[in-house]
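Colleague: Please bring the model up, and then let us go through it one part at a time.

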Amino acid sequence: MRRATAAFVHRATVHRATAVVNAVATTVATAVTTAVTRMTRAWLIGAGPGDVELMTLKATRALAEADVVLVDDLVNPDVLQFARADAHVVYVGKRGGHPSTPQAGIVAQMLEHLHAGRSVARLKGGDPFVFGRGGEEQQALQAAGIDVTVINGITAGIAAPAAIGIPVTHRDHAQGVVFVTGHGAGSGEPDWTALVATRMTLVIYMGMRRLQEIVGALLAAGLDPATPCAAIESATRPAQRHALARLDEFAGTVGKAGLGSPAIVVIGGVASLAVPAASSTSTTGLSTAHSTAKTLSVGIGCRSHTSAAQIEAAVRVALGTHGFDDIATIASIDHKADEAGLLEFCSRHALRLRLFSRAEIDTVTAQVATEPAPGATSAVRAHLGVDGVCEPCALLGAAPEYEAGDRTGTARLIVRKTVHGGVTVAIATNSAHSGSNIASNNSNIDRQDLS
Ligand code: SAH
């Protein structure tokens, strides 16, 4: 599998280049623009809701062709494994504390690359044409004479409910579904009374910040206070969790659970079909929903002379929707005590580094391999093979230092070994110190298997 190299475009370079492009665009004849269009390609690609396996084949193929990939906020960086190793990857969302790029700036960057003869994939979360500004970007590119290929993605409004067993239509409950944004206020406010009158399932995007107001409007519009509701946060991702309640208790329940963005809200009879939290993989019931702040231990395996940037890119992929702020410990094998890239990465993010000997690592590996948790599958044992150091190190790093006998204590892996640019990363947490209930990333291993 070819892998992408993440790169950030220096803002000054973009501005300079954009100015040049603008100047060229105003002076070059239409015939030249047409020739450029024929030579280059532009795609608007839906990356789906998060789980890499929910991306379409067509999306992965287009991604594999692109010279430049512009990535939005909600895209799981793991999908960049389908990009070319030499692809130029630019994050234009707010991930990692970078400010988001204004829409006009994104289009300018795309045009800059396209006019320079580079093919550009614009990667968006879910579907590019569902609350994704894909329509606006298509218009802007078409106005500049560029043909755009649109590749659908699975939108969160269908994937998130499905992830907890909710079909958005069902003959016994709803004859249709309405996708609506909860973001608008004032003149942008949807007509909730009209929507209630449709008796269809309401699937609300971007509704968490105004949830209380939305619930109030629905009750005022006469929707039954006992209507089943669901909110699903970070659907299809390792950190997925959800809350279920009747309409009149919904805002309070969601608030108590601490659910936030990104989340999809489902209102209507179909929400009663949600699987109970206890039996669904990668979800938490309300009673166990807690923040994972500063509880993660990130185990790293890397070759000599791996750069801090390579380690950072791999850790970012493994973290998914978590941030560097959630990391308590970086853990690796003691050979890495002088590994410049690793040390620089830790100091850059002010992260504590714990190093473990081969003997300690083997103890944990053997312990997990020979004494698997009840119900563990052979996949788990294979996955915790003796070759890797990242998983045992992640477990050791999550354990309190005083737990000498049983070194890992209550630590458990929450993200299985991922490989990005030759760096292996696994993430563990200590359940005694965290209510986090994250399932293994992109894996068919139930979280119960790893506890
Ligand atoms: N184009 C995207 C939607 C972008 S709008 C799509 O088709 O899915 C952003 C909103 O989408 C978020 O505020 C949230 O409501 C929803 N969303 C996107 N990804 C999500 C996910 N993995 N889990 C839950 N909601 C998600």
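Colleague: How many of the residues of α6 are buried?

Modeller: This is a predicted model, in which local features need pLDDT of at least 70 and side-chain atom pairs count only at pLDDT 80 or more, while totals for chains, interfaces and linings use all residues. Residues are numbered from 1 along each chain as its sequence is written. Helices (H or I, at least four residues) and strands (E, at least two) are DSSP runs numbered from the N terminus, and a residue is buried if 20 or more other C-beta atoms lie within 10 Å of its own, exposed if 12 or fewer and partly exposed in between, with C-beta atoms placed from the backbone. By that count α6 is mostly covered, and of its 8 residues the number buried is 7.

Colleague: What covers the buried residues of α6?

Modeller: The buried residues in question are A156, G157, I158, A159, A160, P161 and A163. Two residues are in contact if their C-beta atoms, placed from the backbone, lie within 7 Å. The cover over these helix residues includes β7 (177-181), β8 (201-205), β9 (228-233) and β11.

Colleague: With which residues is G157 in contact, leaving aside its neighbours within four places in sequence?

Modeller: G157 is found in helix α6, and it counts as buried because it has 26 C-beta neighbours inside 10 Å. A235, 78 residues away in sequence, is 9.8 Å away from C-alpha to C-alpha. Once the sequence neighbours within four places are set aside, the residues in contact with G157 are V130, F179, V203, Y205 and I264.

Colleague: Which residues around the ligand come nearest?

Modeller: A residue is near a molecule if its C-beta atom, placed from the backbone, lies within 6 Å of it. α6 (156-163) and β11 (263-267) each supply at least two residues of the shell around the ligand. There are 24 residues around the ligand, and those that come nearest are G126, G132, T155, A156 and A235.

Colleague: How do the residues of that shell around the ligand divide into nonpolar, polar and charged?

Modeller: Ala, Val, Leu, Ile, Met, Phe, Trp, Tyr, Cys and Pro count as nonpolar, Asp, Glu, Lys and Arg as charged, and the others, Gly among them, as polar. With residues sorted in this way, the shell around the ligand holds 13 nonpolar, 8 polar and 3 charged.

Colleague: Which are the edge strands of the open sheet of 5 strands?

Modeller: This sheet has mixed pairing and the order β14-β13-β12-β16-β15. The edge strands, each of which pairs on one side only, are β14 (352-356) and β15 (411-420).

Colleague: In β14, what is the bridge partner of I330?

Modeller: β13 (327-333) and β14 pair in the parallel sense over 5 bridges. The residue of β14 that is bridged to I330 is L353.

Colleague: Which peptide bond is cis?

Modeller: The proline concerned, P262, is found in the loop between α9 (247-257) and β11. With omega near 0°, the cis peptide bond is the one from S261 to P262.

Colleague: What is the phi of H305?

Modeller: H305 has its place in the loop between β12 and α10 (308-319), and it is exposed because it has 9 other C-beta atoms within 10 Å. Although this residue is not glycine, its phi is positive, at near 65°.

Key: Pairing = 2+ DSSP bridges.
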